[in-house]
Amino acid sequence: MSNYNTGRLYNHKLPDGGAMYNSAPYAVIVYDGGVGQDNIHSVLCNISVKDDATGEEYIGIAQPFFIIDADNILQPLNVLIVGDSRTDTFPKIKEHAEQIPGKHGDIHFGSKLGGRILELHVVSLDSMSPAEKEEFKRNCAMYLNPVQGAKPLVFWDDLDKKYNVKYAGKISPTQYADWMEFTIPFRTIGPYIEGSFIRTFTGTGAITNNGNIETPLIIEIEGADSNPTIAIGDSIIGYNGDIPANKVLVIDTNKLVATIDGVSVLDDITGDIDVLLPVGQTSITAGGNVTFTWHERWI
């Protein structure tokens, strides 16, 4: 019997009061003793899975820092979103062109995608005292601190996508007696909107990239194994050497690195280490000890 549930968990709290959409303690524990295919998907939390069953497993896990919930509240800042610039935003285009003296027009050397601006127009909760307004400002500064690096932002109406954002700009709030309104200026890291959920696949079969642009892969090959070869569509990638038992060869087709126990083995990689997973369905040929991990991407 297959157990299949497409329901979404949202704002469920544990006995200790932790909320699922922020950094307070929470957990979802799944125990599976049945037989058949399991699909655990779109879980916005840390998840622990105990599985004694048989069948193909597929688990999607997302860990956002900022989430705009079903009530249009930006957590963990606890402000109401009254507008955002998603419909207006597109990656910056960097054009590479040169002019030749005495020649008409430009010589075009191609275009590159840059980052994008994402603005959130927000209002605070009302009935705040002067002291509460100052505390609110300090909390905003703590959560938006760009020194901490990029943080994933997810919209409830589009859970499959996340924006890796950093605060970039200046907030100039309009203050009223007991509330305020302002715009949060975010800049994305890189040009792409990334899939919220980590996709994984093991062995031979077909995998699907539901994004609208190709995406890199993390490939993990468990030992013991010798001279493994993998086919990803028309691309072949291999390793000349032995992978000892209890060791894992990790190949990152984005960073173009290959390591065993943190030691580079890049010189022993053959074929297309820069392979990207195409849009749509792609056939995979690999051993049962090979696991592929990826995030889908959108322009």
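Predicted model: local features only at pLDDT ≥ 70, side-chain atom pairs only at ≥ 80, totals over all residues.
Two strands count as paired if DSSP finds at least two bridges between them.

- Strands of a sheet pair through backbone hydrogen bonds, either parallel or antiparallel.
- Strand S24 (residues 257-260) runs antiparallel to S25, and two bridges join them.
- Thr 259 has Ser 264, in S25, as its bridge partner.

**Aromatic rings**

- A pair of aromatic rings is described by the distance of the centres and the angle of the planes.
- The structure contains six aromatic pairs. In one of them, the ring centres of Phe 66 and Phe 186 are 5.6 Å apart and the planes are at 45°, so the pair is tilted.
- Phe 66 belongs to strand S5 (residues 66-68) and Phe 186 to strand S14 (residues 180-188), so the pair ties together parts that are 120 residues apart in sequence.
- Phe 66 counts as buried because its relative accessibility is 1%, under the limit of 20%. Phe 186 is also buried, with a relative accessible area of 1%.
- One aromatic cluster is formed by Phe 65, Phe 66, Tyr 143 and Phe 186.

**Charges over rings**

- Lys 161 places its charged end over the ring of Trp 298, at 4.4 Å from the ring centre.
- Arg 297 lies over the face of Tyr 192, and the distance to the ring centre is 4.2 Å.

- Most residues other than glycine have a negative phi, and most peptide bonds are trans.
- Gln 75 and Pro 76 are joined by a cis peptide bond, with omega about 5°. Pro 76 is located in the loop between strand S6 (73-75) and strand S7 (79-84).
- Gly 223 and Ala 224 are likewise joined by a cis peptide bond, with omega about 10°. Ala 224 is in the loop between strand S18 (218-222) and strand S19 (225-226).
- Ser 127 is not a glycine, yet its phi is positive, at about 65°. Ser 127 lies in the loop between strand S10 (117-123) and helix H1 (130-144), and counts as exposed at 55% relative accessibility.
- Asp 261, a residue other than glycine, has a positive phi near 55°. Asp 261 is placed in the loop between S24 and S25, and at 57% relative accessibility Asp 261 counts as exposed.

Conventions
Residues numbered from 1 in each chain as written. Heavy atoms only, no water. Helix = DSSP H or I, 4+ residues; strand = E, 2+ residues; numbered from the N terminus. Phe/Tyr/Trp six-rings, centres within 6.5 Å; stacked < 30°, edge-to-face > 60°. Buried < 20%, exposed > 50% of the residue type's maximum accessible area, 1.4 Å probe, protein only. Lys NZ or Arg CZ within 6 Å of the ring centre and 35° of its normal.
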